[in-house]
Amino acid sequence: MPLYPGMVHRPEDPPFQIEGVKDREEVDNIHGSRISMSSHAGPHIGAPLEVGHSVRSVDQLRFSATIGLAKVIEIQDKKAVKAEELKKHRIYPHDRILLKTRNSSFDSTHRGHNEDSIYLDRTAAAWLAERRVSTVGIDSLFIGGNQKNGKEIHRILIQAGILIIEGLEFSQVK
């Protein structure tokens with residue numbers, strides 16, 4: 001998911017902004033950029049502190065969970081990722097699971113977080129926690145979507161030690 005002014009962001013977060021920073025001596029010469037954004041802009045790790053169930057912060061997570069082979073699963077359900085659909089795939093302990101949903105087919109001005117974003121439902125979160133996967137990634141800015149139990153989805157995964165990656169983009173993945 002590229003970063004650009006006007007990109008989709010969570011309603012409660014500030015928008016992404018970028019501006020050129022000029023060299024003090026050369027007025028016409030831009031030397032860098034000032035970037036302002038939420039930690040939820042674009043692809044990001046869902047931090048344990050976000051849901052208040054851990055004293056760890058993102059810099060204390062085991063990033064080995066993000067490195068290595070991953071299974072990309074294309075989700076057919078048009079509303080949510082459910083355990084029923086995940087059970088059709090060979091998912092083992094310590095697997096890195098990336099969920100490609102129809103969210104990746106939205107144009108870039110709507111991709112990632114809107115009222116129709118596909119999310120991980122409670123049954124899928126519990127099943128993945130049971131399977132003891134190491135990582136779950138999704139092409140939405142919030143793995144629990146706009147649902148009332150969105151924070152519960154985060155909590156289930158985090159308490160199981162699962163690293164969450166949100167805001168992925170799979171439009172070019174076949």
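Here is a quick tour of the nonpolar cores and salt bridges in this predicted model.

## The cores

Let's start inside. The largest nonpolar core is made of 25 residues, and V81, L86, L99, L120, L128 and L157 have the most contacts within it. The largest share comes from α2, with five residues.

Take L99 as a way in: leaving out residues up to four places away in sequence, L99 touches I73, I75, V81, L86, L120, V136, G137, I138, D139 and F170.

## D95 and its partner

Now for a charged pair. D95 sits in the loop between α1 and β6, and its relative accessibility of 15% makes it buried. Beyond its neighbours within four places in sequence, D95 is in contact with K71, R90, V133, S134 and T135.

With K71, D95 forms a salt bridge, N to O, at 2.8 Å. K71 belongs to strand β4, so this pair ties together parts that are 24 residues apart in sequence. K71 itself is partly exposed, at 28% relative accessibility.

The structure has four salt bridges, and R122, E152 and R155 are linked through a network of them. E152 and R122 meet at 2.7 Å, N to O; this pair links helix α3 with helix α2, across 30 residues. E152 also bridges to R155, with the closest N and O atoms 3.7 Å apart. Those two both lie in helix α3, about one turn apart.

Terms used. Residues numbered from 1 in each chain as written. Predicted model: local features only at pLDDT ≥ 70, side-chain atom pairs only at ≥ 80, totals over all residues. Heavy atoms only, no water. Core = buried A, V, L, I, M, F, W, Y, C linked by side-chain atoms within 4.5 Å. Buried < 20%, exposed > 50% of the residue type's maximum accessible area, 1.4 Å probe, protein only. Helix = DSSP H or I, 4+ residues; strand = E, 2+ residues; numbered from the N terminus. Contact = heavy atoms within 4.5 Å. Salt bridge = Lys/Arg side-chain N within 4 Å of Asp/Glu carboxyl O.
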